[in-house]
Amino acid sequence: MSDIKNENFFEDKYLIDMLNKIFDPIPIPMILVDRETKVKVINNSFCEFLGYSKEEMIGRRVYDIDENTRFPYVFKTKKAEIAWKHRFKNGKTAIVHRIPVMDDDGNVIYGFGMVLFKDIAEFEETIKKNKLLESELDLYKTRLKELTGARYSWENIIGESEKMKRAKFLARKAAATDSNILLLGESGTGKELFAHAIHNDSRRNNFPFVKINCAAIPSELLESELFGYEEGAFTGAKKGGKIGKFELANKGTIFLDEISEMPLGMQAKILRVLQEKEIDRVGGITPIPVDVRIIAATNKDLKKLVKENKFREDLYYRINVMTIEIPPLRERLEDIEILANYLLKKLSNQMGKYISGISKEAVELLKGYSWPGNVRELENVLERAINLTDSDYISQEHLPIYITRPEAKKQRFFTEITFDYSLRKVVEQAEKEAIKDCLRYTKGNKRLAAKILKISRSRLYEKLKKYNLENNLNKEDKNNLS
């Protein structure tokens, strides 16, 4: 037993000698204390900082040197204290680390301490420099995004519903390819967000992202906007000509929003770009090669437009390589709460008004609305609410009347007040109103209504018969269902 103790002693002494050799050249104050908080190792830098010689320090309890020490507390809790502000007995204030060193059984055998900053002024100066560097880095990142055009990523697309997860999954898959993409969705569902995120997640993300709204540019100007023009190509043409959007997007992505509004003649020229990978400027004689991936978006039924000869079939198949359907907000009501909180944080930052949250009652009202304007409409409603509230909280009184009024509550499937509150009656009433509201929304299309309600058509007909909805609708309802 004595031999073992001696062996451990010499091992410990060897360790201490080695640590002294390691610690002393380091210009950062460092200390090692044993389980009794006696100083085992301290480097010259720490001795100078405290104003003691090494001989005065070794073997003394750390409390005798610094009565403000927290090492006993660290040993008791077995938890490290990182970057703590500490005022030493000599009056100096510093930022320090205190770390317990434990054996295999979880017992504290040593305590390691280090002075990270010898005074608060040095610490504050470092923080300021780091913040300045972070700000400059953020600025450069923002400028780079502004130059390339794509500002949003997957993190900006909020939603945990199955339909939104499916859309994001397909979009991520599409981003990894170089194929053209067609985004389908109602106005306000976030088609542009998807286009940005796809570009930023693609191999083209270091090259330009150029967007153009096909419905916002007069048809007679669209060609010069997309392909550019040469000097003197037409009256009023700029000296030196103008580069077009496709050239600007070379090696990157061009986002053609509302492509269904593009004139047939321009559709033919877009098709040629896709086939030949070159463009002709207005008034130009030499084709210009371009390498561009197209992301197109529309809220229209392109298949129907093809049948009506309002959209070229060959272009439709060229852009419809990867199709992503973005669900409307009414089909993912479970995302309302997470979306509302995200938008409130975003809007409060933009408007400079702190908002801590939204009440459960307000969220339920938001879930009960049909959202024809989708996420864009939700954002507008929340911006209005922020302007109305005098506190840091959004409640139902801050929502528009068309969401909170009794007529709007019909969309939550409860329209009658009854004294019969049996569960069966409540469920039947809710079911009846749900079917009526759904048929109003689909304008009497029972196939679509069954799909939305997630029941079979035969089951829907059973419900219609059960609730006498075919024969018992009021005049307004019948008009809506005709």
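This is a predicted model: local features need pLDDT of at least 70, side-chain atom pairs count only at pLDDT 80 or more; totals for chains, interfaces and linings use all residues.
Leaving aside neighbours within four places in sequence, which residues is Lys54 in contact with?

Residues are numbered from 1 along each chain as its sequence is written, and side-chain values use heavy atoms, with hydrogens and water left out.

Okay, back to Lys54. The answer is Asn20, Asp24, Ile42, Asn44 and Cys47, where contact means heavy atoms within 4.5 Å. Lys54 sits in helix H3, residues 54-57; helices (H or I, at least four residues) and strands (E, at least two) are DSSP runs, numbered from the N terminus. Lys54 counts as buried because its relative accessibility is 19%. For that label, buried is under 20% relative accessible area, exposed is over 50%, and partly exposed is in between, using a 1.4 Å probe and protein chains only.

Next, the sheet. Five strands make an open, antiparallel sheet, in the order E2-E1-E5-E4-E3; two strands pair if DSSP finds at least two bridges between them. E2 (39-42) and E3 (81-87) are at the edges with a single partner strand each, so one side of each has no neighbour in the sheet. Inside it, E4 (residues 93-102) and E5 (residues 108-117) run antiparallel, joined by eight bridges. Ile95 stands opposite Phe117 in E5.

Now, a pair of helices. The axes of H20 (residues 446-453) and H21 (residues 457-466) come within 9 Å and cross at roughly 100°. Axes here are lines fitted to C-alpha atoms, for helices over the stretch in contact, with angles from 0 to 180 degrees between N-to-C directions. On the H20 side, Lys446, Arg447, Ala449, Ala450 and Leu453 meet Arg457, Leu460, Tyr461 and Leu464 in H21.

Last, the cores. In soluble globular proteins, nonpolar side chains tend to be buried together. The largest nonpolar core has 31 residues, and Leu226, Phe246, Leu256, Met262, Ile270, Phe311 and Ile319 touch the most other members. By nonpolar core I mean a set of buried Ala, Val, Leu, Ile, Met, Phe, Trp, Tyr and Cys residues joined through side-chain atoms within 4.5 Å. Helix H11 gives this core the most, five residues. As for Phe311, its contacts beyond four places in sequence include Ile259, Leu264, Leu302 and Ile319. There's also a second, separate core of 25 residues, with Ile158, Leu339, Leu343 and Leu366 among them.
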